[in-house]
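Here is a short note for someone opening this entry for the first time. Please read it with the model in view.

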Amino acid sequence: MRVLFRCLSLFPLPVLHAVGALLGWLLWIIPNDRRKVALINVRRCFPELSEPAVRRRVRRALGHEMKTLTELPLLWIGPERRVERMIRRVDNGELVDRALAKGKGLILLSLHQGSFEAPAIVYSKQHVMTGLYKRQKGVFEALSLQGRTRFGGKMIPAEGSIMLRALLSLLRGNNIAYILPDQDPPPGRGIYSPLFGIPAHTPTLVAKLAKSTGAEVLFFIGERLPRGRGYVMRFVEAPDGLHDPDLQTATDAMNQGVEHCIRALPDQYWWGYKRFRRRPDGSRDFYT
């Protein structure tokens, strides 16, 4: 795999994105579970859309999911200068300086949307950021850690009490934690909170960290530009309620921020993920 990544990292970003678009088109035309899940998610989250509009959104979203994979070799091991130049613009960067000036640390929330790898990798050269990762097998884990830390970023495994202690320590030292909150957490680590009006089992980690440390919270988006032109790095303020001492209120506020970011770039979201697979007691399966 390392040799394959090395070869792919030599290709220009427009070529890698074209390959991703082709793979996404294949996912669209060949019946598969990813397409099925995406169609259900978009229909339920955007009931106002016509069926042709739903299908257009899903088709584009599958292409963006595949672009996330095909751009990894370049982002992880491609020439540093090329990777840096792919960030075409930074919007609202002053929000980071303002947050760190308060001295309580900063939690950056990114989503499975656009390129969540590119901005984090490049921005870690300006500010050291610590992200969470799920352990992988073999050479892929080595490649991912090499790529995500190449400009000074740090990674810690998303594993229970070790993870929590590490995050609390770095935030209390006025550092930056990088977290993806739009996932279904393991039992005991989440509560149900509305997302597009649908109860979604949502991680409580961010709300607990904000309450314990007083850290500021921002959303961090990597918009993928058309025709492989690169990315726009964008910081977005989180809803005020995220610092509410009530865990449900704070988690609801976080999901409001998640939904706001998704609605801003809906075609670049990972709709193929079973975000609503865990249901409140007595509820029917969302994906049947």
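1. Start with strand β9, residues 231-237. Of its 7 residues, 6 are buried, so β9 is largely enclosed by the rest of the structure. Buried means under 20% relative accessible area, with a 1.4 Å probe and protein chains only. Strands are DSSP runs of E, at least two residues, and helices are runs of H or I, at least four, numbered from the N terminus.

2. The model is predicted: local features need pLDDT of at least 70, side-chain atom pairs count only at pLDDT 80 or more, and totals for chains, interfaces and linings use all residues. Residues are numbered from 1 along each chain as its sequence is written, and side-chain values use heavy atoms, without hydrogens and water.

3. One partner of β9 is strand β1, residues 87-91. The two pair in the parallel sense over 4 bridges. Pairing requires at least two bridges found by DSSP. Isoleucine 87 sits opposite tyrosine 231 of β9.

4. Strand β8, residues 216-224, runs antiparallel to β9, and 7 bridges join them. Here phenylalanine 219 faces valine 236 of β9. The β8 and β9 hairpin has 6 residues between its strands, and arginine 227 takes a positive phi near 60 degrees.

5. Now the whole chain. It has 12 helices and 9 strands. Its radius of gyration is 19 Å, close to the 19 Å from the globule rule for 288 residues, so the chain is as compact as a globular protein of that length. The radius is taken over C-alpha atoms; the rule is 2.2 Å times the number of residues to the power 0.38. Buried residues make up 54% of the 288.

How values were computed. Buried means under 20% relative accessible area, exposed over 50%, partly exposed in between (1.4 Å probe, protein chains only).
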